[in-house]
Amino acid sequence: FYWMFKLAAMKSHSPVFQMVVEQPDITPEDLATIITPTLVIAGSRDIMTNEHSKEIAEAIPGASLRLMQRQTHTSYLKKPEIFLQYANDFLQTHLAR
């Protein structure tokens, strides 16, 4: 995967910049080996682009993608009720099978 982060606005000494530089590169082929039901949750204003979140979800067989509108990478902290509803809906769907 090509990381699609907004690096231009970041300073090279910032922790986020360092994380992006040091993160392992997970390929679509690696993601395609995941056989567990998967829910990808991202904020629509995440540092990772919506397109990248979509690519991740599409690379994992049968994965679902939920974007938390007007939220960032910490959406699970700022809007836990929405995050937990998405997770609960996903689990209920997969536990019912």
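Two strands are said to pair when DSSP finds at least two bridges between them. The legends below describe close-up views of a predicted model.

**View 1. Strand 1 and strand 2 pair in the parallel sense.** Strand 1, which covers residues 39-43, is joined to strand 2, residues 64-68, over five bridges. Within this pairing, Ala-42 has Leu-67 of strand 2 as its bridge partner. Between the two strands the chain passes through helix 3, made of residues 50-59, and the β-α-β crossover formed in this way is right-handed.

**View 2. The charged end of Arg-66 sits over the ring of Tyr-86.** The distance from this charged end to the centre of the ring is 3.7 Å. Contacts between two aromatic rings are a separate matter, and for rings whose centres lie within 6.5 Å of each other, the count comes to one aromatic pair.

**View 3. The largest pocket is lined by 13 residues.** Its volume is about 230 Å³, and the lining residues that lie nearest the centre of the pocket are Val-40, Ile-41, Ala-42, Met-48 and His-73.

**View 4. Strand 1 supplies the largest share of the lining of the largest pocket.** Five residues of the lining come from this strand, while helix 4, residues 75-78, also contributes at least two. Sorted by class, the lining consists of eight nonpolar residues, four polar residues and one charged residue.

Methods
Residues are numbered from 1 along each chain as its sequence is written. This is a predicted model: local features need pLDDT of at least 70, side-chain atom pairs count only at pLDDT 80 or more; totals for chains, interfaces and linings use all residues. Side-chain values use heavy atoms; hydrogens and water are left out. Helices (H or I, at least four residues) and strands (E, at least two) are DSSP runs, numbered from the N terminus. A crossover is right-handed if, with the strands pointing away from the viewer, the path from the first strand over the helix to the second runs clockwise. Rings of Phe, Tyr and Trp (its six-membered ring) pair if their centres lie within 6.5 Å; planes under 30 degrees apart count as stacked, over 60 as edge-to-face and the rest as tilted. A charge sits over a ring if NZ of Lys or CZ of Arg is within 6 Å of the ring centre and within 35 degrees of the ring normal. On a 1 Å grid over the protein atoms alone, a cavity is a set of points where a 1.4 Å probe fits but cannot get out, and a pocket is an open set with protein on both sides within 12 Å along at least five of seven lines; lining residues have an atom within 4 Å of a point. Grid points are joined across faces, edges and corners, and a volume is the space filled by probe spheres set on the points. Ala, Val, Leu, Ile, Met, Phe, Trp, Tyr, Cys and Pro count as nonpolar, Asp, Glu, Lys and Arg as charged, and the others, Gly among them, as polar.
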